[in-house]
Amino acid sequence: VTNDTIKIAKGIQTEANISAQIMGECLLKVSFIYYLNSPYKAFSISGNLGETDLTIFNQFITDATRLEIEKGHLHSMEFQMDGTDSVAKGKLKMRYNDLQAILLDKDTTTLIRRKLKFISFLADLLVIRNDNPELGLAMKKGRIGYIHDKSYGDVSFWVNAILTGVQHTIAFEPLQSRKIHRQSSREIRKNNRYERKMKRRNKTL
């Protein structure tokens, strides 16, 4: 990390690699790249998560997605996302089997559980994928798309962004995903234009 304005103007970036045990159950490896000369606080994050019981994620996903995992086994998860201070987008691959989950009622404090596999007009939208990949089918890849609530810090931003990819993989895509991808694409294209401009400028110095 540096505050040298000359180095920052030349397009210097900061990289960090972190490994950590999640609740003592599985290994998380994450690589961060921060583009210090970006006025949009651009970043890239990639990582992978090792084999574990999926129920350990309930404390992270239930509030954000209204999904509660009853059982399931994660074999591996990989993710990559690019973003700015406002939005993040990317892709997530999650290989798992024997997943069972329920949808929590958002209108009750008692968290009445409603089985996702009910027979109704919405059944096709709400049915979960018990296995990924499913037998005879290609692996479902989740889309990451999240708008930064700036009342929360960066770590919360990144975690919630990744959770949108998890939700899209195991059940359904968040309602604002299309809007988020359009907005994040504009933000990232804007930052890329800035990066190219700075590189051309630095070549002439």
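**An aromatic cluster and its surroundings**

Mentor: Ring pairs join F32, Y34, F43, Y146, F157 and W158 into a cluster. Rings of Phe, Tyr and Trp (its six-membered ring) pair if their centres lie within 6.5 Å; planes under 30 degrees apart count as stacked, over 60 as edge-to-face and the rest as tilted. Please note that this is a predicted model, in which local features need pLDDT of at least 70 and side-chain atom pairs count only at pLDDT 80 or more, while totals for chains, interfaces and linings use all residues. Residues are numbered from 1 along each chain as its sequence is written, and side-chain values use heavy atoms, with hydrogens and water left out.

Trainee: How many aromatic pairs does this rule give?

Mentor: The count comes to six aromatic pairs. In one of them, F32 and Y34 have ring centres 6.1 Å apart and planes at 5 degrees, so this pair is stacked. F32 and W158 form a tilted pair, with 5.2 Å from centre to centre and 45 degrees between the planes.

Trainee: Which parts of the chain does the pair of F32 and W158 link?

Mentor: Helices (H or I, at least four residues) and strands (E, at least two) are DSSP runs, numbered from the N terminus. F32 belongs to strand β2 and W158 to helix α4 (residues 154–170), so the pair links distant parts of the chain, 126 residues apart.

Trainee: Is F32 buried or exposed?

Mentor: Buried means under 20% relative accessible area, exposed over 50%, and partly exposed in between (1.4 Å probe, protein chains only). F32 has 10% relative accessibility and therefore counts as buried; W158 is buried as well. Y34, at 29%, counts as partly exposed.

Trainee: How many residues of α4 are buried?

Mentor: Of the 17 residues in α4, 13 are buried, and the helix is mostly covered. To judge its length, one takes the expected span of a helix as 1.5 Å times one less than its number of residues. Helix α4 reaches 25 Å from its first C-alpha to its last, close to the 24 Å expected.

Trainee: What is the partner of strand β2, and in which sense do the two strands pair?

Mentor: Two strands pair if DSSP finds at least two bridges between them. Strand β1 (residues 13–22) and strand β2 (residues 26–35) are antiparallel partners over ten bridges. Within this pairing, I18 has V30 of β2 as its bridge partner. The hairpin has three residues between the strands, and M23 takes a positive phi near 55 degrees there.

Trainee: How many helices and strands does the protein chain have?

Mentor: The chain has five helices and eight strands. From the N terminus on, the order is α-β-β-β-β-α-β-β-β-α-β-α-α. Of its 205 residues, 38% count as buried.
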